[in-house]
Amino acid sequence: MNKLCLLLVVYFIKLGTTTNAQNLYFPPINNASQWDTISPMVLGWCTKEIEPLYSFLDQENTKGFIVLKDGKIVLEKYFGTFTKDSLWYWASAGKTLTSFLIGKAQEEKLLSINDLSSKYLGQGWTNCTADQEDKIKIWNQLTMTSGLDDGVSDNHCTDKICLNYKADAGQRWAYHNAPYTLLEKVLVQATGMTLNNYTFNKLSKSTGINGAWAKVDFDNIFFSKVRNMARYGLLVQNHCIWNKDTTLSDESYIEQMSNTSQSLNPSYGYLWWLNGKTSFKVPTSQIDFPGPIAPHAPSDMFAGIGKNGQIVSIARSKGLVIVRMGNASDNGEVSIILVDKIWEKLNAVICANSTHGSHSENDDIVIYPNPIKNILNINLPNEVNFQIYISNLLGKVLVKTNNTEKIDLSCLVNGVYHVIVQCANKTYIKRIVKLN
């Protein structure tokens with residue numbers, strides 16, 4: 001009988017390892033309210049740092065905030081009267097949606113990013129000479145290298161009189177909203193569909209990323225709920241594959257989107273901001289600032305960043321997606337500093353570069369019996385203040401107690417579970433097998 005129990009323990013542990021190695025979790029397309037969660041305690045995060053993070057976000061006029069780990073919601077917080085059903089604008093974070101749509105249109109052979117912009121916008125769409133204008137391609141609009149002057153009184157203005165020559169296309173990087181905005185006219189001309197219809201047909205139907213573009217002055221702005229931005233971050237994290245449905249199969253384009261697109265600003269891809277590069281430029285400036293845009297974020301992090309802190313930030317190496325919507329204390333076009341501050345606060349929560357909250361299955365903690373039928377006992381080494389959680393392998397907490405003796409687990413079905421013991425400066429995690 002003991003040999004049988006041992007074999008079952010090995011089997012269920014292997015099963016749990018396999019489960020953890022499976023693909024990302026994706027919420028249902030047709031049920032916006034259903035989204036699996038995982039407790040930060042299960043991840044061994046420092047939960048005492050969550051409230052300081054939320055306090056910081058509140059001070060920064062945040063409305064909605066989500067952190068996904070491997071697709072599951074770990075943190076979700078709304079502030080004031082804002083709720084998960086409230087709509088908000090993406091601002092320039094919506095540029096990343098346009099990047100996806102341009103890639104999709106190219107995949108469908110409706111356009112090429114090497115096409116001249118005038119093919120879709122018509123000759124004389126700028127105030128440049130014909131030779132100057134004919135150097136501008138869709139690629140230049142994607143990479144902020146149109147050469148048009150961003151120093152006009154309103155660089156959102158798409159009228160011909162506002163689109164003046166500054167340098168040959170490809171010779172100067174400048175964060176210029178007007179050439180970007182005209183990419184959306186390129187899409188309409190190339191696809192024969194409105195921007196909202198093309199977004200719905202090529203993105204929303206297969207992912208549940210719902211929202212709508214609306215004209216605000218010269219700009220087309222995408223509005224959605226916070227969870228829709230989180231869905232988009234999850235999609236891009238998984239290289240534009242939603243569950244098993246490939247929304248964009250052009251792997252070369254996907255790779256180029258989130259990597260350095262030109263040599264003038266290594267921290268910019270196809271309308272995405274990139275971390276971990278040697279230098280970066282910011283809007284309205286031609287200064288090369290040394291170092292990465294977000295020193296506290298993983299080096300592979302890339303982000304869509306909009307005015308007043310509309311942020312979708314992705315770190316594939318960590319399995320993390322961060323979404324923040326709201327207003328910000330500054331009025332900058334791109335809230336790079338806020339991105340870094342959020343990662344700094346989140347690092348404290350996930351215990352990065354800290355001994356606090358570390359966890360191990362080999363610490364000096366005794367759990368018996370294992371396998372267990374009904375009653376579980378725990379011996380803790382010199383711990384006074386603690387909380388015990390029993391969760392399934394998906395991270396759902398099923399039992400919570402601070403009693404180390406005679407923890408009744410008779411309500412649990414047969415299977416493998418995690419025992420999480422959270423102390424002041426340490427989190428212990430052990431696997432147990434429940435057998436009748």
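Ala91, His156, Asp219, Ile221 and Lys307 lie nearest the centre of the second largest pocket, which has 20 lining residues. Here a pocket is an open set of points on a 1 Å grid over the protein atoms alone, with protein on both sides within 12 Å along at least five of seven lines, while a cavity is a set of points where a 1.4 Å probe fits but cannot get out; lining residues have an atom within 4 Å of a point. This is a predicted model, so local features need pLDDT of at least 70 and side-chain atom pairs count only at pLDDT 80 or more, while totals for chains, interfaces and linings use all residues. Residues are numbered from 1 along each chain as its sequence is written, and side-chain values use heavy atoms, with hydrogens and water left out.

**The second largest pocket**

- Elements giving two or more residues to the lining of this pocket are α7 (177–191), β4 (212–216) and β5 (219–224). Helices (H or I, at least four residues) and strands (E, at least two) are DSSP runs, numbered from the N terminus.
- The space in the second largest pocket comes to about 340 Å³. A volume is the space filled by probe spheres set on the grid points, which are joined across faces, edges and corners.
- Sorted by class, its lining has seven nonpolar, seven polar and six charged residues. Ala, Val, Leu, Ile, Met, Phe, Trp, Tyr, Cys and Pro count as nonpolar, Asp, Glu, Lys and Arg as charged, and the others, Gly among them, as polar.

**The cavity**

- How many cavities of 30 Å³ or more does the structure hold? There is one, and the largest cavity has a volume of about 60 Å³.
- The largest cavity is lined by 13 residues, with Met144, Thr145, Ser146, Ala174 and His176 closest to its centre.
- Both α6 (138–143) and α7 give two or more residues to this cavity's lining.
- That lining divides into six nonpolar residues, six polar and one charged.

**Two open sheets**

- Two strands pair if DSSP finds at least two bridges between them.
- Strand β19 (residues 415–423) runs antiparallel to β20, with eight bridges joining them; Gly415 has Lys434 as its bridge partner in β20.
- A six-stranded open sheet, also antiparallel in its pairing, has the order β2-β1-β13-β12-β11-β8. Its edge strands, β2 (72–78) and β8 (273–274), each pair on one side only.
- Two bridges link β8 with the antiparallel strand β11 (residues 302–306), and Trp273 is partnered by Ala303 in β11.

- β14 and β15 are joined by a hairpin through six residues. Three bridges connect strand β14 (residues 366–368) to strand β15 (residues 375–379), which run antiparallel, and Val366 sits opposite Asn379 in β15.
- Pro369 lies in the loop between β14 and β15, and the peptide bond from Tyr368 to Pro369 is cis, with omega near -10°.
- Pro371 is found in the loop between β14 and β15, where the peptide bond from Asn370 to Pro371 is cis, with omega near 10°.
- β15 also pairs with strand β18 (residues 407–408) in the antiparallel sense, over two bridges, with Leu376 opposite Ile407 in β18.

- Asn243 is not a glycine, yet its phi is positive at about 55°. Asn243 lies in the loop between β6 (241–242) and β7 (245–246) and is partly exposed, with a relative accessible area of 46%.
- Leu271, not a glycine either, has a positive phi of about 70°. Is Leu271 buried or exposed? Leu271 is buried, at 2% relative accessible area; buried means under 20%, exposed over 50% and partly exposed in between (1.4 Å probe, protein chains only).
- Helix α11 (residues 336–349) is followed by Cys351, whose phi is positive, near 65°.
- Buried residues in α11 include Ile336, Leu338, Trp343 and Val349.

Definitions and conventions. The expected span of a helix is 1.5 Å times one less than its number of residues.
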